[in-house]
Amino acid sequence: MSMWQKEEFDKTAATDDLHITAYRKDARTLGTPTWIWSVRVDDNLYVRAYNSQSSSWYQACQQKAGQIKAAGLVKDVTLELVPESTNRKLMQLIRRKTAAMPILLL
């Protein structure tokens with residue numbers, strides 16, 4: 001959380017409207033923003049590609065850098081893979097979060 005002010009991080013972590021954009025291969029141009037769920041654990045914010053490693057968003061993360069927009073803030077971020085043990089814990093949290101979301105019939 002070193003690049004974050006605590007208030008900014010708290011607001012960002014609390015929102016359900018987080019968009020993430022990875023940098024393109026040239027490492028200067030941002031790609032297409034993707035709406036994505038996030039999970040906060042202590043002072044870390046995690047995101048997961050919906051279709052795992054086969055998703056176009058995940059494939060675009062080769063520069064390991066991007067930008068997020070949430071809670072009225074725009075922040076440059078570093079993208080890192082987490083160890084499998086952390087991934088399993090995060091998946092449990094994500095399942096709990098999504099199970100609590102209401103289902104709407106349109």
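Mentor: The mean pLDDT of the protein, that is, the predictor's confidence in each residue on a scale from 0 to 100, is 81, and 88% of its residues reach 70 or more. This is a predicted model, in which local features need pLDDT of at least 70 and side-chain atom pairs count only at pLDDT 80 or more, while totals for chains, interfaces and linings use all residues. Residues are numbered from 1 along each chain as its sequence is written, and side-chain values use heavy atoms, with hydrogens and water left out.

Trainee: Why is Phe9 called buried?

Mentor: Buried means under 20% relative accessible area, exposed over 50%, and partly exposed in between, with a 1.4 Å probe and protein chains only; Phe9 has 2% relative accessibility and therefore counts as buried. Trp4, at 13%, counts as buried too.

Trainee: How do you know that the buried residues of α1 line one face of the helix?

Mentor: In α1 (residues 6-14) the buried residues are Phe9, Thr12 and Ala13. Seen down the helix axis, they fall within an arc of 95 degrees, so they line one face, the arc being that of the directions from the axis to the C-beta atoms.

Trainee: What makes Trp4 and Phe9 an edge-to-face pair?

Mentor: Rings of Phe, Tyr and Trp (its six-membered ring) pair if their centres lie within 6.5 Å, and planes under 30 degrees apart count as stacked, over 60 as edge-to-face and the rest as tilted. For Trp4 and Phe9 the centres are 5.5 Å apart and the planes stand at 80 degrees, hence edge-to-face.

How values were computed: Helix = DSSP H or I, 4+ residues; strand = E, 2+ residues; numbered from the N terminus.
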